[in-house]
Structure formats: C-alpha cells, structure tokens
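Work through the exercises below with the sequence and the model open. Try each task before reading its solution.

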Amino acid sequence: QFSEQRRRVISFLLGGVGSLAFAPCYVFPVLVPALTGLLWLVTSASCRRTAFAVGWWFGLGHFLVGFYWVGKAFTVADIGVAAGVIAVGFLAAVSALAIGAVGLASYALGLAGVCQVAVFAIFWTLAEWVRSFLVLGGFPWNLIGYVWGFSDEMMQVAALIGVFGISALTVFAAASPATVLNASNQSLSSRWAWVAAVAAGLCVIWVGGSFRLTNAQDDMVPGVQLRIVQANIAQNHKWLPDRREAHFAQHLDLTQRPAVRGITHVIWPETATPYALGRNRSVREIIGKVTPSDGLLITGAIRVSKAGETSQQIWNGLRAISASGDIAGSYDKMRLVPFGEYVPFRDWLPVETLVASTSDFSRGHGQRTLGLQGLPPVGPLICFEVIFPGSVVDKNNRPEWLLNLTNDAWYGNSAGPHQHLVQARFRSVEEGLPLVRSANTGISAAVDGYGRVLASLGLGERGVLDTPLPVALTGGTFYGKYGDLPVFLGMGLIFGLALLGGRRRIRDDHSS
C-alpha cells in the first residue's frame, strides 16, 4: 500500500506520461501503464476522498503536459511568463476535476475485472464530453481517441462512433491489464485472455479501416482549384501598426504567384486581413484586384459594430470578397478561445486576453452553411471551432465541405498546431466531408472525407498550396446522421450489464 502522498505523486507522473501519446509524439503505448496504473491506484484507495484526489492529480499532470503550449501564447503576446503559468495551471486544474470525478465514481461502485474496466472507460468518456461542452464554455482538446491520429486506418471507425466512441474503446483497451491485477476470482489465464481479446479487437478495427480506405472514392469537385495562402507572419509582429500594410502586401503577393492550373478561389487564414472590411471599401477593392474574376477570395477578418452604436462590439470571422470588392458571404465565430478572445471568470483572474482589445470578443449565432459563388455549400469554422465533435455543421442545411481558418502562430513550434490538425482531420472522418485548412504559420492542408491529408504546408513555411477540392462522401456517414446518441445509448446498456454482472459476482463471492 502506498501512502496517500506517494499515491498522488505517482498519479501525477502517470498523467503527464500519458500525454505523450498525443501528436506529435504518438508514444501511444504509454497509455497502458498510465490508465492501468490510474485504475489500480483508484480502486485500491482507502476512501472516496483519496480516490478523487488520485484522479485529480492524474488529470493535473495529464493536462499540464497536454496544454503547455497555451502558456507559450502569453510569451508571444508579451503578457509575461507568469500569466502563462497561471493560465495553464488554471486550465489544467479545472479540467482535472473531470478525471477526479472518474476516480471517485469508479471507486464508489466497487466493481472488479472486466466490469470495472468497462465502467471506468464509460466514466472517462462521459468526463470527456462534460469538459468538451460544459467546462469553461467547452474545451475538447486532446480527447483520448486522438492518440490514433497517426493511423488513417484506425481513424476510420470515427465514421461510425465518432471520437468519443474511439475514446471509450481506447481507454478500455489501455486499462484492460487491470483485470490481471484486480479480478482475483478468475484464473490467471482467463484474465490474460481478456487482454488478448482486446488486442485482437484493435487489430479488427485496423483491418476494417484499411478495407474502407482500399475502397475509398477519390473524386474532386469539377471546376474548382483552390489556392491556400500561408504567409507565416510571426504573432508578435502581426498586429504592429507600422507593419500592417506590409503583412497585407505579403498576402496579396502570394495570391498573385503563378499557378500551374487556373485558380478559381483563394483562401487566406484567420484575421489575415488587418482591417475591418465592412468599414473599408478601398481595402476590399484592393483585394478584389487579386481575386479570380469568376471566383472569390475568402479571408479571415474582424467585424466591428456600426459607428454610433452605444457599445462597440467586435467579432472574429470570415469574409468572402468578390472581384468587384463586394462582400459575398460572411460568418462570425461562435465559440471563443478562453484566454485568447475572452477571460473566464474575468473578475477573479488577473490576466488579459491574448488579443489586444478593449473588451472580450462577441459570439456569433451558431453553425452556418454558406452558399458561395462557384463552390459547393461550405461549413465555415474559425480556429478551434473545428475541434468540437458533432458540432461543426448546420444539421438542417448540411454543407458539402468544411473550411477552417486558423492562426496557430500563437503557439510557435509546439505540439499545439500538430494536435489542432489531427482534431480537424477527425471531423472530416466523422462527417464524411473534405476539409480545407488555412493557417497563418501552418499547418495548412487539404483533407479528404476520410481524414487523409492530400497536400499540406508545414509549420513555419511561407508559400501557397494549390489544390483541388475533394467531393463529400456519397451518402455521408453513420455518425454524421446520428451523432453521439448511439454511442451513449450503447454505453448506457454496457453500464447496466456491468453493474448487473458485478453485483452477481459480489453475491457469488459472499456465498462461497
């Protein structure tokens, strides 16, 4: 038996090591000792308080390592290292409450063996959903299912069960060796048989994904050739007043580079245009001069409330500009980045937003599907809006592709941009929709409806990416039609069976 203090330290270290399973490291085998160790420490705890503490300390280590790149943004913004440490610590501590609740619930049920592991995986997945949509406005970063981002084959099951379903399977698989430690009423061979069966199940998922990709459709939208511009502007220079014109000129110059095939549409990244386009006709006309005559230039840009209004509001969004300089389409970001565009619990936290502004950004009004000239209907997503599973499209007017404009320059050469791309790719698999991603400093990419990266510009590169637009998958996907409901209904059924099986085993143990 470990002392309570040692138990917390070990749990903290296991949580930190477990984060190495995510991009760009992908040391996914570390999840086995991390999650098996967590489950063993929780179920062998002396009381509920200790079980919660074990889970919380695991979560703290897990999220400190997983979210470290958030602190880098505060250095880039010249707000200071201390503010970055406070922000990362706060974000990790609050997110860790979800893992603490997993520890408490797993301990309280007192199950053993496969039933225990199954319930642990269900609780973990529920905790991921809670922090994805309910904590700090929602921050579904580094869900466990994303550890398979290195394998196109393993990602394919997301078309059926989404990333939450993959998380449940992954946690169950990684924690399954706990059955060897805890199921004392079973023979050693039967306990290891469960571990072998789980490993075989993962192989089956890989084979299924490989078969799906072997039969993948590779069609492109006729008559569409996109140019993605990646100017690679350092964030600490981006908003300097004396450099705005130079940065704007860089985007214009890259847009006019010679192309092998005729460009029909140009895409600039998040806030690429350092002007409020709705108020600046002359800037729109300059953009119109480099816009394909029968197409559009789509750029990230801020929108400011009309002059004369009582309180000025500012939105982060997207504007589609025609060759005549008119705004042909518009979208305002709905989900705002904590600490980036607003400060959670502003009255208590002594930090400012990363984006220099007199007030927090305002929210848009939800997912939209835009009809733009010469393009299939598109679902626009600004920055981290793309990481919310099941919440990236207008379900009443589904788009035929996704467009993600982002600015990952805040996070430099860190894990953040790599993890962001992986999560965007999962949305393509889930919805069966191609995704085009334009990032200021990278990673810009064209992704098909199977989550495969067809072309990309690496982190820190400056240039253009010319690419056709893949077509949406015929018939869509099961997940795209039904979302997470089947997964959570299935977990509810398994939870009930696990409770029933666990109680029967307990009665059998007492009778013997």
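**Exercise 1.** Which residue takes a positive phi in the hairpin of β9 and β10?

Solution. The model is predicted: local features need pLDDT of at least 70, side-chain atom pairs count only at pLDDT 80 or more, and totals for chains, interfaces and linings use all residues. Residues are numbered from 1 along each chain as its sequence is written, and side-chain values use heavy atoms, without hydrogens and water.

Step 1. Locate the strands (DSSP runs of E, at least two residues, numbered from the N terminus): β9 covers residues 444–447 and β10 residues 453–457.
Step 2. Check the pairing (at least two DSSP bridges between two strands): β9 and β10 are antiparallel over 4 bridges, and Ser444 has Leu457 as its bridge partner.
Step 3. Look at the 5 residues between the strands: Gly451 has a positive phi near 80°.

**Exercise 2.** Describe how β8 is joined to β9.

Solution. Step 1. β8 spans residues 435–439 and pairs with β9 in the antiparallel sense over 3 bridges.
Step 2. Arg437 stands opposite Ala445 of β9.
Step 3. The two strands form a hairpin with 4 residues between them, and Gly442 in the turn has a positive phi of about 105°.

**Exercise 3.** Are the faces of β9 buried or exposed?

Solution. Buried means under 20% relative accessible area, exposed over 50%, and partly exposed in between (1.4 Å probe, protein chains only). Ser444 and Ala446 on one side are buried, as are Ala445 and Val447 on the other, so both faces are covered.

**Exercise 4.** Why does Val65 count as partly exposed?

Solution. Val65 counts as partly exposed because its relative accessibility is 35%.
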